[in-house]
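Thanks for making the time this morning; I would like to walk you through one model, slowly, and let you look at it before I say anything about its packing.

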Amino acid sequence: MNAKKILALGLSAAMLAGCGSSSSSSASSTSTSDSSKGKVYYLNFKPEADEYWQDLAKEYTKETGVKVTVLTAASGEYESTLKTEMAKSEAPTLFQVNGPVGLASWKDYCYDLSGSDIEGQLTNDAYELKDGDKVAGIAYCTESYGLITNKALLKKAGYSVDDIKSFDDLKKVAEDITKRKDELGFSAFTSSGMDSSSDWRFKTHLANLPIYYEYKDAGVSDEDELKGTYMDNYRAIWDLYINNGTVDPSQLSSATGDQAESEFVNQEAVFFQNGTWEYDAVKAIGDDNLALLPIYFGVDDADEGICTGTENYWCVNAKASDADIKATLDFINWCVTSDEGVSAMTSGDKMGFNIPFKNNPKSTNTLVNLANANTATPVSWNFTTMPSEEWKNTLGQALTVYAADQTDDNWKQVVTAFVDNWKTEKELAASN
């Protein structure tokens, strides 16, 4: 989900899933339950999904006799609610963390899900949240982003998506479109606006790529310091965006997210860096005209898939009783394998999630289906490890200055904001 929607909902600055109205509710299944089978207590993160979790709890108890209680935290208050509930004698048996940063606080409470039935239902182990060799959490819904592409305009320029399999291919196509911009009547890229409604796409989502590859090299999921190994690649893709877009690079500081969206819908540009959450806005150009390409970064293009991830990881409370742990594992496996559970989690008129499990049905969201159809290795979401909003904002400011005056010295300021400020902000976060 994009930042403007998150800000509108008043949630934390981290991206995506979990947005909803500020409300909290709790309920326990009212059907007859059998205490000898253990019980489930789920602390739900998503207020907008509360009604459906309550219904699933009742249905599961009706089918199995296992008591399921669901408490839904108010929007923006999940962490504080989790701390309060975990201190009680009847603590949640099922809870959520947002990624490595959240896991750092709760890893001692996370049961090892290695070899569990639900781990076996995952379509890719990229959706596991690891603590060393332990599978501490499992993503239960995902979103994806990349280059949303207008195939009709691409064809008008003399190309197809099959012509773009690498950064070099993307660069060749984009620069050719720019050379013929007046003749064609459209640009390669929508505006890379650095207004706050749009800058998250580049200081967070695009910045995920150099972090992803650096982590991949080191075999880690977080770092206190970055080397900046892939900053040249970051510069190359940023240059491609800003020098082949609809707006002069010097004017990007005031260009908005709505502007870029409008440019794409009005067929003023071929490529629009954004995600599956944009489907309702971009479907106006027609499903047959939509494609979703990876953000080719020039590192391992042949195996680079769509940026797919989540901030929604289920964790089972390791401090619960053996019976409650088993009941909880059985419940979440039922949620992603049974007709009732899958329907509640994925139906557009219910939770509407894209779930990373084998029984995930075809979505009514074409961008989701395009992301799911990509068989290359998904690029994991590592922006959950970014140390602070200050780090992102400093990086965004440096990118904006560089866009207006693309000198080596100004790019050095981007590198400083990326690498040096990462260490500074990580140290500040650790001291708090």
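What you see is a predicted model, and I will begin with its largest nonpolar core, which has 62 residues, of which Tyr234, Ile237, Trp238, Tyr241, Phe271 and Phe418 touch the most other members. The largest share of this core comes from α11, which supplies seven residues. Apart from that core lies another, of 55 residues, including Trp53, Val66, Tyr313 and Trp334.

If we take Phe418 by itself and leave out residues up to four places away in sequence, it touches Ala207, Pro210, Ile211, Leu226, Met231, Tyr234, Trp391 and Leu395.

Now, how do α11 and α17 cross? The axes of α11, residues 231-243, and α17, residues 389-404, come within 11 Å and cross at roughly 55 degrees, which makes α11 oblique to α17. The crossing of these two helices is right-handed. On the α11 side the contact is made by Tyr234, Arg235, Trp238, Asp239 and Ile242, and on the α17 side by Leu395, Leu399, Tyr402 and Ala403. Sorted by class, the contact has seven nonpolar residues, two charged ones and no polar ones.

Let me finish with a point of backbone geometry. Most residues other than glycine have a negative phi. Glutamine 267, however, has a positive phi, near 60 degrees, and its place is in the loop between α12, residues 257-265, and β9, residues 269-275. Is glutamine 267 buried, partly exposed or exposed? Its relative accessibility is 34%, so glutamine 267 counts as partly exposed.

Technical notes: Residues numbered from 1 in each chain as written. Predicted model: local features only at pLDDT ≥ 70, side-chain atom pairs only at ≥ 80, totals over all residues. Heavy atoms only, no water. Axes fitted to C-alpha atoms, helices over the stretch in contact; angles between N-to-C directions. Helix = DSSP H or I, 4+ residues; strand = E, 2+ residues; numbered from the N terminus. Parallel < 35°, antiparallel > 145°, perpendicular 65-115°, else oblique. Left-handed = near helix turned anticlockwise from the far one by under 90°. Contact = heavy atoms within 4.5 Å. Nonpolar A, V, L, I, M, F, W, Y, C, P; charged D, E, K, R; others polar. Core = buried A, V, L, I, M, F, W, Y, C linked by side-chain atoms within 4.5 Å. Buried < 20%, exposed > 50% of the residue type's maximum accessible area, 1.4 Å probe, protein only.
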